[in-house]
Amino acid sequence: MYNASDLRKGLKLQIDGNPYIIIDFEFSKPGKGQALYRCKMRNMITGNQLVQTYRSVDKFEKADLEERKMQYLYNQEDEYHFMDIDNYEQLSISKEHLGDNVNFLIDNMEVEVLFFAGKAIDVSLPIFVNLVVTQADPWAKGDTSGTDTKPVTVQTGYVLQVPPFVEEGDKIQIDTRTGAYVTRVKE
């Protein structure tokens, strides 16, 4: 059990049977009376946010979360299949539940899967992934439209803006948090 004084940004709690993560936290001590803890939280299953104020005497249940290292195997239509590295157990997660993470998944990639009550609720990718450019239009020299980037498509079908020197067949590094180009990878 957590006390209100334990609350901080990034803490994971269980409220009304659902896991929440604190995304913003504010402490205030009025002139007289009890201290107040104002928390902005996000439901880790639905993504809904709520703002709640707690008193210093409130207690919270720790979220029953488990993180397991898994390997991405393949996708079949809108289902993405993963295998537990320790016991070779497989599970599938829907494309809708993975969200933008599907843009960066490549075969045999190791990821961290977060479970709540035995159900997968989140997938954490590595911060940087290296993907091959499958389509890149040639950049016209002297093109002075004001931007020094061009769109390219990588092996997962994701489209992003890169510098003009990136060509088809190049391997580039992408930040999975923002989906932005980082650098060209030399092999």
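Which residue forms a salt bridge with Arg68, and how many Å apart are the closest N and O atoms? Let's start there. Before I answer, one reminder: this is a predicted model.

Okay, the partner is Asp84, and the closest N and O atoms of the two are 3.0 Å apart. Side chains of opposite charge can pair when their charged atoms come close. Now look at where these two sit. Arg68 is in strand E7, residues 65-76, while Asp84 is in strand E8, so the pair ties together parts that are 16 residues apart in sequence. Both Arg68 and Asp84 are buried.

Moving along strand E7, we get to Lys69. Its side chain meets that of Glu112 in another salt bridge, 3.2 Å from N to O. Here the link is between distant parts of the chain, since Lys69 belongs to strand E7 and Glu112 to strand E10, 43 residues apart. How open are these two? Lys69 has a relative accessible area of 41%, so we call it partly exposed. Glu112 comes in at 24%, and that also makes it partly exposed.

The next pair is Asp170 and Arg184, where the closest N and O atoms are 3.5 Å apart. Asp170 lies in the loop between strand E14 (159-162) and strand E15 (171-175), and Arg184 lies in strand E16, residues 180-185; again distant parts of the chain are linked, 14 residues apart. Asp170 counts as buried because its relative accessibility is 18%, and the limit for buried is under 20%. Arg184, at 31%, counts as partly exposed.

Now for Asp175, which you'll find in strand E15. Buried or exposed? At 10% relative accessibility, Asp175 counts as buried. Its side chain has a polar contact of 2.9 Å with the side chain of Arg177. If we leave aside neighbours within four places in sequence, Asp175 is in contact with Ile127, Phe128, Ala180 and Val182.

Let's switch to the backbone. Most residues other than glycine have a negative phi. You can find Tyr88 in the loop between strand E8 (79-84) and strand E9 (90-94). Tyr88 is exposed, because its relative accessibility is 59%.

Ala117 is another one: its phi is near 55°, a positive value in a residue other than glycine. Ala117 is in the loop between strand E10 (110-116) and strand E11 (119-124). With a relative accessible area of 63%, Ala117 is exposed.

Last stop, the largest pocket. How much space lies in it? About 350 Å³. The lining is made up of 14 residues, and those nearest the centre are Arg42, Met44, Leu114, Ile121 and Asp122. Two or more residues each come from strand E4 (36-43) and from E11. E11 gives the most, with 3 residues. By class, the lining of the largest pocket has 5 nonpolar, 5 polar and 4 charged residues.

That's the tour. If you want one place to begin on your own screen, go to Arg68 and Asp84, the buried pair from the opening question.

How values were computed. Residues are numbered from 1 along each chain as its sequence is written. This is a predicted model: local features need pLDDT of at least 70, side-chain atom pairs count only at pLDDT 80 or more; totals for chains, interfaces and linings use all residues. Side-chain values use heavy atoms; hydrogens and water are left out. Helices (H or I, at least four residues) and strands (E, at least two) are DSSP runs, numbered from the N terminus. Buried means under 20% relative accessible area, exposed over 50%, partly exposed in between (1.4 Å probe, protein chains only). A salt bridge is a side-chain nitrogen of Lys or Arg within 4 Å of a carboxyl oxygen of Asp or Glu. A polar contact is a pair of N or O atoms within 3.5 Å; within protein, one must be able to donate a hydrogen and the other to accept it, and residues adjacent in sequence count only if both atoms are side-chain atoms. Contact means heavy atoms within 4.5 Å. On a 1 Å grid over the protein atoms alone, a cavity is a set of points where a 1.4 Å probe fits but cannot get out, and a pocket is an open set with protein on both sides within 12 Å along at least five of seven lines; lining residues have an atom within 4 Å of a point. Grid points are joined across faces, edges and corners, and a volume is the space filled by probe spheres set on the points. Ala, Val, Leu, Ile, Met, Phe, Trp, Tyr, Cys and Pro count as nonpolar, Asp, Glu, Lys and Arg as charged, and the others, Gly among them, as polar.
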